[in-house]
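Hi,

Here is the structure I promised to send over. Have a look at it first, then read my notes below.

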Amino acid sequence: MQDDLSIEIRKLEVRLKEFVDAEQKAIESLKKWLKKLKNLNDFIIKISGKEDSESFKQLLKLRLENLKAFQEALKEMSKSEHEKSHLLDSYGSILLALEEKTSKLQKS
């Protein structure tokens, strides 16, 4: 039978992996948004002074793509922060389990 400290250590391993995975997804979604943002900026520079309806339609399309990419990045960042909160919980649980385990050794 595993003791509390062993269980908490295993939980931390799992939670750390989940956090790293979520953080990586957040980074990738931010990179995707950044690429779209650069494309939008380049397009705006390209059409400066041109006021035709086709350019305006393309501008609206690119703006919408940017908003969607930004929303996705925020969602992934939120997931990462959620996983980070689990890590903080594990830190406290491990410290408590470690203290309880060492206290039992002192009583023996």
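Let's start with Phe70, which sits in helix H2; helices here are DSSP runs of H or I with at least four residues, strands are E runs of at least two, and numbering goes from the N terminus. This is a predicted model, where local features need pLDDT of at least 70, side-chain atom pairs count only at pLDDT 80 or more, and totals for chains, interfaces and linings use all residues. Residues are numbered from 1 along each chain as its sequence is written, and side-chain values use heavy atoms, with hydrogens and water left out.

Phe70 counts as partly exposed because its relative accessibility is 32% (buried is under 20% relative accessible area, exposed over 50%, partly exposed in between, with a 1.4 Å probe and protein chains only). Trp33, at 22%, is partly exposed too.

Trp33 belongs to helix H1 (residues 4-47) and Phe70 to helix H2, so the pair ties together parts 37 residues apart in sequence.

Zooming out, the protein has two helices and zero strands. Its C-alpha atoms fill a box of roughly 85 × 20 × 15 Å along the principal axes. Buried residues make up 21% of the 108 residues.

Cheers
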